Amino acid sequence: MSATAFNTRRVGRTDLELTELGLGGATLAGIFQDVPDQQARDTVTAALNAGIRYFDTAPQYGYGRSEHLMGDGLRYHTHGVALSTKVGRLLRPIQSEAERDYPHAWARPFPFEQVYDYTYAGVMRSYEASLQRLGLSKVDILFVHDIGVVTHGAEQNAIYWKQLAEEGGYKALTELKASGKVKAIGLGVNEWEVLMDAFKLGEWDVFLLAGRYTLLEQTSLAPFLTTCLERGASVVCGGPFNGGALMGTGKWNYAAAPAHIIQRVAELEALCKEFGTPIGAAALQFPLAHKAICNILPGPKSPAELAGIIDWWNTKVPDALWDALADRKLAAPGTPLPNGRVA
């Protein structure tokens, strides 16, 4: 796979820049189906060889497995590479699957269970444990992982938010950034509403938002993305295929897609077919038209899947497709499109 000269975008008001295409590490840990260890490492290597210089992982992914494998792939190739991981979950060892407290979808997780902890001590412990699993001396971005009402429910989330806001979690992040141990801080979530709460708490550099600003849905367009522009925060667009919905899997938000999502996907598929464009190409290129977006973060599980993604990335999408998207009201009003038009 030959290298692509990816453009870079600045993260918030920091000096950190990310290639516009990144590699997400959840799938490498074997979500829903197993990914052999060497295949995961080879995918990281293929991404490096292709010119990708931003990689994301988390303790939750395979309960340490993703960080372990991502570290294997990056350990001796960190120059010019930006890496993010997440805090909010500590890992405790277990002796059997019967000791698990939470259901999971990992095909072959490490023998650990997650323990939610957004306190000062929890953030610091998580950061240090991630470095050890990665086998690296630094990460560039720390995201607070999966905090929010949709994830935890209102009652439990109030407890976790208090840990972040009043029991030192946010303070720990700001200390790590002030000391130079990380270059940027933010939240990594699937729900944009909690990010509006985050703006009330303090200043953030970047958010990893999965699935909420895509070709399929633009629910975060306002007030979230507009506030990001006002506050100087960037957004990494995770889950650009909406968990497989745009790839025809029938899945959305990690579950069976409801009827209105299936209908919208069918309409988008028909549109792309009309203009002779792979829907994957349109899905990857669509979010970059918004000035708050700094990176698109898909999660291929093999070098072959990565090669397909890069082919989509390099596919020229006709301007007329974006015009038709707007004319047929398949994008939310006010959405900026790659041909310069606003829906």
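On a 1 Å grid over the protein atoms alone, a pocket is an open set of points with protein on both sides within 12 Å along at least five of seven lines, and its lining residues have an atom within 4 Å of a point. The model examined here is predicted, and for that reason local features need pLDDT of at least 70 and side-chain atom pairs count only at pLDDT 80 or more, while totals for chains, interfaces and linings use all residues. Residues are numbered from 1 along each chain as its sequence is written, and side-chain values use heavy atoms, with hydrogens and water left out.

The second largest pocket holds about 210 Å³ of space, where a volume is the space filled by probe spheres set on grid points that are joined across faces, edges and corners. Its lining consists of Gln285, Leu288, Ala289, Trp313, Thr315, Lys316, Val317, Asp319, Trp322, Pro338 and Asn339. These residues divide into six nonpolar, three polar and two charged. In this count Ala, Val, Leu, Ile, Met, Phe, Trp, Tyr, Cys and Pro are nonpolar, Asp, Glu, Lys and Arg are charged, and the others, Gly among them, are polar.

Helices (H or I, at least four residues) and strands (E, at least two) are DSSP runs numbered from the N terminus. Within α11, which spans residues 303–313, Leu306, Ile309, Ile310 and Trp313 are buried. Here buried means under 20% relative accessible area, exposed means over 50%, and partly exposed lies in between (1.4 Å probe, protein chains only). Seen down the axis of α11, the buried residues fall within an arc of 100°, so they line one face of the helix; the arc is that of the directions from the helix axis to the C-beta atoms. Ala304 and Asp311, on the other side of α11, are exposed.

The next topic is the sheet. Strands of a sheet pair through backbone hydrogen bonds, either parallel or antiparallel. In this model eight strands form an open sheet with parallel pairing, in the order β3-β4-β5-β8-β9-β10-β11-β14. Its edge strands are β3 (23–24) and β14 (293–297), each of which pairs on one side only. Two strands count as paired if DSSP finds at least two bridges between them. Strand β9 (residues 184–189) pairs with β10 (residues 206–210) in the parallel sense over two bridges, and Gly188 stands opposite Leu208 in β10. Strand β11 (residues 234–238) is joined to β14 by four bridges, again in parallel, and Val235 has Ile293 of β14 as its bridge partner.

In one of them, Arg92 meets Asp101 at 3.0 Å, N to O; Arg92 is partly exposed at 27% relative accessibility, and Asp101 is exposed at 54%. A salt bridge between Glu217 and Arg212 has its closest N and O atoms 2.9 Å apart. Glu217 is buried at 9% relative accessibility, and Arg212 is buried at 7%. Glu274 and Arg328 also meet in a salt bridge, at 2.9 Å, N to O. Glu274 lies in helix α9 (residues 259–274) and Arg328 in the segment after α12 (319–327), so the pair ties together parts that are 54 residues apart in sequence. A network of salt bridges links Asp34, Asp37, Arg65 and Arg108.

Some backbone angles also deserve attention. Most residues other than glycine have a negative phi, and most peptide bonds are trans. The peptide bond from Ala222 to Pro223, however, is cis, with omega near 10°, and Pro223 lies in helix α8 (residues 221–231). Asp146, in the loop between β8 (141–145) and α4 (149–152), has a positive phi near 50° and is buried, with a relative accessible area of 9%. Asn242 has a positive phi of about 55°; this residue is found in the loop between β11 and β12 (251–252) and is buried at 3%.

Terms used. A salt bridge is a side-chain nitrogen of Lys or Arg within 4 Å of a carboxyl oxygen of Asp or Glu. On a 1 Å grid over the protein atoms alone, a cavity is a set of points where a 1.4 Å probe fits but cannot get out, and a pocket is an open set with protein on both sides within 12 Å along at least five of seven lines; lining residues have an atom within 4 Å of a point.
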